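Here are my notes for you, point by point. Keep the viewer open while you read.

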Amino acid sequence: MNSKSTTVIPLSEVGRARPAVSVPETAVPATGSLLDRLGRPLTDLRISVTDRCNFRCSYCMPKDVFDKDYQYLPHSALLSFEEMTRLARLFASHGVRKIRLTGGEPLLRKNIEGLIEQLSELRTPAGEPLALTLTTNGSLLQRKAAALRAAGLQRVTVSLDSLDDAVFRHMNDVDFPVADVLAGIDAALAAGLGPLKVNMVVKRGTNEQEILPMARYFRDNHGGKVVLRFIEYMDVGATNGWRMDEVLPSAEVIARIGAEFPLVPLEPSAPGETAQRWAYADGGGEIGVISSVTQAFCHDCSRARLSTEGKLYLCLFASAGHDLRPLLRGTATDEDIASAIGHIWQGRADRYSELRALRGPDSAESDGNDNNKAPRRVEMSYIGG
Ligand code: SAM
Ligand code: SF4
Ligand code: SF4
């Protein structure tokens with residue numbers, strides 16, 4: 001170990017001490033419907049399967065922090081696939097209907113297909129299979145798409161910030177070419193993992209000039225089988241140096257695309273949907289915008305997040321998670337763990353984006369850094385998007 005590595009603070013642990021999760025004295029039975037303090041149901045679970053990634057997108061894992069000395073979670077800390085599946089089953093008993101695998105880069109987790117196979121066996125209390133999706137940077141998708149589909153994955157979301165090779169290589173910061181991600185997208189469609197979503201994080205001054213080329217490309221080449229979604233650059237984590245002036249509001253994205261291709265608003269396809277949907281007026285498919293900075297959507301946020309090591313986070317901007325792993329690795333029964341999950345969700349009042357909007361978006365940039373009294377927020381690569 002060199003001298004630098006002894007001083008590296010693993011961000012996954014910073015400021016995140018919470019008392020161990022205990023089994024509540026009053027049981028919270030799994031009834032298939034669980035509401036938090038703001039009346040929001042628990043329907044959506046995101047499971048981060050690794051905190052590692054082969055990209056270094058500056059808005060997520062900036063290279064100067066996530067360098068060779070960065071301390072990732074040790075293997076013994078990671079939940080096994082059996083532990084993840086057990087938790088997912090208990091979440092489903094409380095009403096979760098959709099599971100998204102994320103990371104880090106989920107396709108880096110060895111034999112991820114094995115996890116997908118196990119999760120695809122799960123059922124809702126009404127006997128329905130869960131919706132099973134995965135978010136990926138696409139780098140390994142060409143190789144893995146068919147096996148993921150065969151294992152039971154239904155859909156994928158691929159992140160792609162630019163079609164311009166130089167811009168993309170700069171943004172992923174590991175010199176990864178656009179062509180390989182596009183090949184991954186095509187392989188996913190060919191394998192039956194569509195309709196597919198493509199997520200583009202828009203940073204003003206970095207890739208805003210790519211909005212229209214991306215819109216044209218996915219409209220023209222994919223005949224409605226790809227839904228392109230523009231994500232406002234968010235103040236997640238504590239390392240990306242977020243600044244409000246680098247956020248391009250979704251309203252501006254819609255105005256720019258609408259000037260070339262008239263758009264009409266669509267109704268949400270499901271309650272709690274993060275994206276606002278828009279259709280091309282000429283029938284050329286749809287796009288979406290995810291406006292977590294300029295238009296908070298906390299009021300119907302039904303998403304729980306499980307970190308790779310088994311901590312339950314109630315908000316993307318949380319600084320601490322509820323550690324379920326000791327229960328999993330102890331003597332707790334399924335009923336005990338389901339009760340603990342129920343109790344935690346019933347206590348949830350998180351609504352970070354709404355509060356940020358009330359304070360004014362500029363307030364966000366001071367949160368999460370070391371000079372601020374607020375506890376340091378969890379990293380997106382640790383908790384998943
Ligand atoms: N590595 C996978 C990927 O990139 O798709 C999955 C994990 S990544 C953390 C999930 C999503 O979060 C990606 O679509 C990524 O673009 C998005 N994301 C990461 N940091 C972000 C930020 N600061 N603002 C907005 N979106 C961000
Ligand atoms: Fe990796 Fe995804 Fe984060 Fe980019 S956004 S660094 S691909 S985890
Ligand atoms: Fe949900 Fe938190 Fe995002 Fe609000 S800020 S939508 S509560 S994850």
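This is a predicted model: local features need pLDDT of at least 70, side-chain atom pairs count only at pLDDT 80 or more; totals for chains, interfaces and linings use all residues.

1. Residues are numbered from 1 along each chain as its sequence is written, chains are lettered from A and ligands numbered from 1 in the order written, and side-chain values use heavy atoms, leaving out hydrogens and water.

2. Which element gives the largest share of the lining of the largest cavity? That's H6, with three residues. A cavity here is a set of points on a 1 Å grid over the protein atoms alone where a 1.4 Å probe fits but cannot get out, and lining residues have an atom within 4 Å of a point. The volume, about 70 Å³, is the space filled by probe spheres set on the points, which are joined across faces, edges and corners.

3. Now the lining itself: Ala215, Phe218 and Arg219 are among its residues. It divides into six nonpolar, three polar and two charged. For those classes, Ala, Val, Leu, Ile, Met, Phe, Trp, Tyr, Cys and Pro count as nonpolar, Asp, Glu, Lys and Arg as charged, and the others, Gly among them, as polar.

4. Look at Ile185 next. Leaving aside neighbours within four places in sequence, Ile185 is in contact (heavy atoms within 4.5 Å) with residues including Leu141, Val158 and Phe218.

5. Finally, ligand 3: the shell around it has seven nonpolar, one polar and five charged residues. S10 (303-306) and H10 (352-359) each supply at least two of the shell's residues.

Note on methods
On a 1 Å grid over the protein atoms alone, a cavity is a set of points where a 1.4 Å probe fits but cannot get out, and a pocket is an open set with protein on both sides within 12 Å along at least five of seven lines; lining residues have an atom within 4 Å of a point. Helices (H or I, at least four residues) and strands (E, at least two) are DSSP runs, numbered from the N terminus.
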